[in-house]
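Biologist: I've got a model open and I'd like to learn how to read its side chains. Can you walk me through it?

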Amino acid sequence: MPDAQGSVLLTARWVVGHENGRHCLYENGEVVFEGNRILYVGHRYPGTVARRHDYGRAVIGPGFVDLDALSDLDTTILGFDNSPAWRKGRIWPETYMKQGPYEMYTPAELAFQKRYAFAQLIRNGITTALPIASLFYRVWGETRDEFLSAANAAGELGLRVYLGPAYRSGHTYVDAEGKIRCHYDPARGMAGLDEAIAFCDEVEGRHGGRVRAMLAPDRIETCTPELLRASARAAQERDIPIRLHCCQSRLEYDLVQEQHGMSPPQWLQSLGFLSPRALLPHGTYVSGSRHIPQPGRDLEIIRDAGASIVHCPLVSARHGATLSSFARYRKLGINIGMGTDTWPPDMVQNMQVGLMLCRVEEASTEAVRAEDYYDAATVGGADALGRPDLGRLSVGAKADIVVFDFSHDRNGQMIDPIQTLMISGSGRDVSQVVIDGRFVMVDGRIPGFDARLAQEQAQRQFDGLIARYPDRTWGHPPVEQIFSSSYPRPARSPS
């Protein structure tokens, strides 16, 4: 993919600029970039440019930062109408654990799904991504080789990523009586950390700096104290992000309290894990919330450490959870970034769902505004990564730019551009994407990516995974008993 040569000017009905520490709107505005940096944002650029693109009835804004970016063929959607999770293959049965878990995808399939998922992120206007994938169908953790292929896929497609294979000390399982228990292998967890550190040192700064490193211990309840302490030290020594799924379920919250006598944030604080480098999806189960009503200082602990909550409203809402509330977290001074974490990886849909849920939680339309969520998806994510050059269109920032095409009638009448995006916009409205000064998507097409063929392959792999679900589901029922049908499916008549 060739780099842009000379300066490029983009103009549209609306441009989201950034001045005096916050976004601003330029009506009939212009953005100029050269190489991988923004040169100018405003009206009537005084200089000369090599190329000019006028997008008409469109919104030009900064690319979204996805701190929990879907990077596989999402299995959480299988639980949409199929619960409880422990009966539907979302927790290993003891029989599967003892017989020996196996990889349910081949190395080639793992490589494909990363490339496929990265393309979907770009198509939805996400320019910086921290990938997340499920470990339920893995032997244990993720590997160096698969993440080297992920780095290559990101480099080929032009996506800006922070990469690190997930690792863990243990997992939950369901015993023969249907009780959820924990299994730990501390040595395996530390070996996973060692491999992750080696990978981080190997890939940091690849592909012109678009590939960066991160550490990704899997979930708080799957990690020993020693693993979390060592992970935090490694992240501090390298000054890289460290992400840990935390406060995302009642089961997790209760397990941590039972094992350590503290809430998850209290336990992380006691281990010295929390810092401005810490990214914590999902943060829904905290003291004083609708899910954990008893009083406590969970949110204050997170805030005082400078850690960031990664808000994934779509996947949380599908499972009956939400922040209590986004407005409350912001008022407390907690930095909030956004994550997709499920299919579709549509950041706009996530913002819309989150905004509506917050207003319901607070019983007020004044609790949160459109720009509050747009901030979280742009500068909130960038600030969580310590990247003032991302998530905003300002002079000197990286040229990570997204164009939302509002020339069609499905968006209705244009009011304020950000409000219109929250009311009727979609990731499908993204028409152009520039990352690091390169056009990685033009008119909805990503060079070298055949969307139709990729979708066919993705469906084949997904169907193969579903066929193997009985192996790792409690009681090993047939597929049709694991996953329900919305309506009866009459047998076909003989031809």
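Biologist: Which side chains does a polar contact join to Gln432?

Modeller: A polar contact is a pair of N or O atoms within 3.5 Å; within protein, one must be able to donate a hydrogen and the other to accept it, and residues adjacent in sequence count only if both atoms are side-chain atoms. Here the Gln432 side chain has one of 3.4 Å with that of Ser431, and one of 2.9 Å with that of Asp443. Mind that this is a predicted model: local features need pLDDT of at least 70, side-chain atom pairs count only at pLDDT 80 or more, while totals for chains, interfaces and linings use all residues. Side-chain values use heavy atoms, with hydrogens and water left out, and residues are numbered from 1 along each chain as its sequence is written.

Biologist: Is Gln432 buried or exposed?

Modeller: Buried means under 20% relative accessible area, exposed over 50%, partly exposed in between (1.4 Å probe, protein chains only). Gln432 comes out at 5%, so it's buried. Contact means heavy atoms within 4.5 Å; beyond neighbours within four places in sequence, Gln432 has contacts including Tyr55, Ile401 and Met441.

Biologist: And how many residues has the largest nonpolar core?

Modeller: A core is a set of buried Ala, Val, Leu, Ile, Met, Phe, Trp, Tyr and Cys residues joined through side-chain atoms within 4.5 Å. The largest has 111 residues, and Leu215 and Met351 have the most contacts inside it. Another core, of 20 residues, lies apart from it, with Val8 and Ile401 among them.
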